[in-house]
Amino acid sequence: MFERITRLRNQEPLVHNITNVVVTNFTANGLYALGASPVMAYAKEEVAEMAQIAGAVVLNIGTLTEDQIEAMIIAGKSANQNGVPVVLDPVGAGATTYRTSTARNILEKVDVSLLRGNAAEVSNVVGEQIAMKGVDSGNIQGNHIDLAQKAAELFQCTVVITGQTDVISNGEDTYTVSNGHSLLTKVTGTGCLLSSVIGAFLAIDQNHIHAAVVAVSLYGIAAEKAAQKAGTNEPGRFQMEFLNELAKLNETDGPLAKINHLQKEAHHDRL
Amino acid sequence: MFERITRLRNQEPLVHNITNVVVTNFTANGLYALGASPVMAYAKEEVAEMAQIAGAVVLNIGTLTEDQIEAMIIAGKSANQNGVPVVLDPVGAGATTYRTSTARNILEKVDVSLLRGNAAEVSNVVGEQIAMKGVDSGNIQGNHIDLAQKAAELFQCTVVITGQTDVISNGEDTYTVSNGHSLLTKVTGTGCLLSSVIGAFLAIDQNHIHAAVVAVSLYGIAAEKAAQKAGTNEPGRFQMEFLNELAKLNETDGPLAKINHLQKEAHHDRL
Amino acid sequence: MFERITRLRNQEPLVHNITNVVVTNFTANGLYALGASPVMAYAKEEVAEMAQIAGAVVLNIGTLTEDQIEAMIIAGKSANQNGVPVVLDPVGAGATTYRTSTARNILEKVDVSLLRGNAAEVSNVVGEQIAMKGVDSGNIQGNHIDLAQKAAELFQCTVVITGQTDVISNGEDTYTVSNGHSLLTKVTGTGCLLSSVIGAFLAIDQNHIHAAVVAVSLYGIAAEKAAQKAGTNEPGRFQMEFLNELAKLNETDGPLAKINHLQKEAHHDRL
């Protein structure tokens with residue numbers, strides 16, 4: 001599975017991001033480090049044209065404006081018409097009514113290939129409070145799997161719920177990934193960049209769930225390596241080392257992956 | 001006083017920033033490093049809701065648009081109605097008429113808890129050229145104290161004037177802080193981030209002047225430590241180390257503080 | 001020629017950037033590191049006033065909006081009226097119709113002093129596909145020289161085409177510069193920052209072509225030094241070291257310059 005990183009570097013897919021103002025620079029640098037080719041284009045006059053030539057389109061609602069929502073829908077529809085996969089990152093859905101309704105609005109008007117958020121964001125988009133009920137981490141984990149499967153069925157797409165353990169599901173198949181490091185939560189935009197990195201892997205691969213599992217795992221592996229170089233309390237150093245490690249990822253990193261494929265029945269038994 | 005940093009880390013206050021496009025990433029990473037929880041939300045459709053759940057709202061006019069000014073006033077009024085402290089950073093007031101009048105417009109419509117700028121910015125907002133008259137640094141210093149006190153009385157808020165020596169006044173009480181390092185002036189957004197860091201301390205503390213004094217002093221201490229690690233001419237390295245040092249701040253740093261409490265009468269004698 | 005870097009540090013020219021959301025932070029930090037004074041101001045209510053007091057205005061179309069285009073034209077005209085040099089960076093011209101037409105629109109309405117782009121961008125603005133015909137690098141190089149001279153004559157300005165070898169021409173005089181490092185292509189905004197750095201040098205120098213040649217060469221020298229400190233596959237580290245090296249540039253770096261002055265006739269012979 002991990003030969004995908006080599007393929008990605010050879011193909012240098014163009015990833016068209018319509019993203020928030022906090023993370024644009026980090027997203028572009030992360031995609032460059034990975035070996036993809038980032039472009040940010042937001043004007044409604046140009047997004048259809050840009051989405052058409054892109055390998056993937058990533059829509060991120062972190063800092064919304066009415067103009068940007070309009071541009072996202074135009075870009076998403078253009079991507080749909082041209083067979084370009086679309087990733088949606090519903091940043092902060094649930095924090096304000098506006099974000100929740102915008103995420104749903106996009107999901108209604110655009111065929112989203114993959115939805116990536118934390119459990120709170122995804123459950124708010126779904127409209128259920130599943131993931132928020134439990135306080136015990138084991139229980140929450142179970143809820144995340146349910147939530148990912150429910151969201152995947154509802155929106156007919158692949159869903160990635162990130163957390164201490166990440167869950168990836170397309171409704172049929174479900175995986176968990178346990179790579180990563182807590183320093184990722186001390187650097188802004190690491191979730192947003194992951195959405196764009198997943199976009200880069202979707203751009204080179206029809207098998208969206210495998211592409212997403214590899215992307216999530218490699219991303220976490222880069223974080224683990226970066227954390228070994230930075231001190232435990234050095235978010236500035238970690239950010240720099242993380243970009244370095246994204247650039248150094250290669251297919252020999254496969255053995256570091258912590259991927260678990262859930263059997264649908266086995267899982268239902270377990271719950 | 002410095003137990004506040006521990007309290008802040010435990011409470012992880014949500015700081016709602018409406019800030020300029022130059023510093024969003026650095027502001028978010030600085031707040032994360034400190035132990036606060038940053039959020040950027042600018043749409044007028046959502047800012048009232050976000051300000052309501054925030055621990056503090058920080059308004060920064062560094063790159064203005066009409067939409068953003070409208071959002072700032074909505075967010076500020078929502079914060080006022082919900083008892084959430086508001087910090088205003090009048091970036092570039094005096095450089096253009098538009099910035100000066102926008103800063104005054106916000107101060108008129110929103111009850112600002114704390115105003116933070118350099119002497120030129122604050123004096124332009126006040127409408128007097130006090131700080132600009134002197135060229136001798138001792139004299140300027142005296143002017144900064146006058147200016148801070150006058151601004152505090154005029155706007156009925158706490159005022160922080162940053163410079164080689166920082167002045168903090170609420171009109172009654174006045175402090176100077178001499179921590180910091182000249183490399184702070186070689187990295188963009190260090191003033192803006194300080195405004196947001198002060199916001200994080202106001203979020204956990206009713207005593208605004210003490211909170212601001214501690215915030216300004218700790219911020220300077222982190223800069224001093226970062227400068228010891230970076231070379232004297234290494235702004236790139238300094239920026240990284242500064243984020244690390246914000247994350248490493250703790251209450252045992254108290255003895256490094258260089259804080260001076262001015263007696264109102266003594267000060268008037270001195271002038 | 002390289003005494004200009006000392007002069008720049010002494011004068012600290014104010015560079016007014018209207019630039020894209022991806023690179024604002026890096027641009028500001030790069031200009032600070034160099035010794036210039038960056039300002040970003042985008043509101044149409046203030047850009048004329050800001051451009052008037054600036055040493056140079058840099059217009060960058062990387063993430064366009066209609067409001068920003070309007071602001072760019074107002075700022076450009078104000079700069080023209082006040083004798084302030086204007087740099088245009090036509091990011092992505094050719095990638096979408098909107099970008100190409102916006103770049104041309106600005107060139108029509110504003111007297112641009114210097115145009116900086118890669119060969120694809122400049123050829124699209126010119127409206128010819130010269131640089132895109134060849135695939136052999138020697139041939140492309142020849143085409144870049146032709147293209148720079150043609151663009152310089154067409155727009156009556158200095159043109160900088162960056163690539164493995166950079167070409168600088170004002171139609172009469174043409175130079176090539178071979179400093180730089182491939183890691184520059186792995187960090188977002190290095191082209192945009194170069195445009196702003198050139199702006200800083202134009203601000204202190206009536207001789208635009210000499211100023212541009214020195215700026216391009218010194219920028220490449222800083223990259224070469226930064227690459228010696230970073231590993232070959234460390235874009236995160238490179239970005240940090242590059243800011244450090246911009247701060248450390250000085251006139252004794254002259255001997256590292258790889259500048260070639262083309263004789264007009266000799267060049268035509270060669271072609």
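**Close-up views of a predicted three-chain model**

**View 1. Helices H2(B) and H11(B) meet in chain B of this predicted model.** From H2(B) come Phe26(B), Asn29(B), Gly30(B), Ala33(B) and Leu34(B). Their partners in H11(B) are Gln239(B), Phe242(B), Leu243(B), Leu246(B) and Ala247(B). Seven of the residues in this contact are nonpolar and three are polar. None is charged.

**View 2. The crossing of H2(B) and H11(B) is right-handed.** H2 of chain B spans residues 24–34, and H11 of chain B spans residues 235–248. The two helices pack at an angle of about 35°. Their axes lie 6 Å apart.

**View 3. Met40(A) is listed by UniProt under "binding site".** The entry is unreviewed, and it also lists Gly189(A). Met40(A) sits in strand S2 of chain A, residues 37–40. Is Met40(A) buried or exposed? Its relative accessibility is 5%, so Met40(A) counts as buried; the cut-off for buried is under 20%.

**View 4. Met40(A) touches residues of chain A and of chain C.** Residues up to four places away in sequence are not counted here. Within chain A, Met40(A) touches Asn17(A), Thr19(A), Thr24(A), Thr27(A) and Ala28(A). From chain C, Val22(C), Gly62(C), Thr63(C) and Arg99(C) touch Met40(A).

**View 5. Gly189(A) is the other position that the unreviewed UniProt entry lists for "binding site".** Gly189(A) lies in a loop of chain A, between strand S8 (174–177) and helix H9 (190–202). At 10% relative accessibility, Gly189(A) counts as buried. Which residues does Gly189(A) touch, not counting those up to four places away in sequence? They are Val23(A) and Phe26(A).

View 6. The copies use different surfaces: 8% of the contact residues of chain C recur in chain A.

View 7. Of the contact residues of chain C, 9% recur in chain B, and the copies use different surfaces.

Note on methods: Residues numbered from 1 in each chain as written. Chains lettered and ligands numbered in written order. Predicted model: local features only at pLDDT ≥ 70, side-chain atom pairs only at ≥ 80, totals over all residues. Heavy atoms only, no water. Contact = heavy atoms within 4.5 Å. Axes fitted to C-alpha atoms, helices over the stretch in contact; angles between N-to-C directions. Helix = DSSP H or I, 4+ residues; strand = E, 2+ residues; numbered from the N terminus. Left-handed = near helix turned anticlockwise from the far one by under 90°. Nonpolar A, V, L, I, M, F, W, Y, C, P; charged D, E, K, R; others polar. UniProt positions renumbered as here; feature names shortened; annotations may be inferred. Buried < 20%, exposed > 50% of the residue type's maximum accessible area, 1.4 Å probe, protein only.
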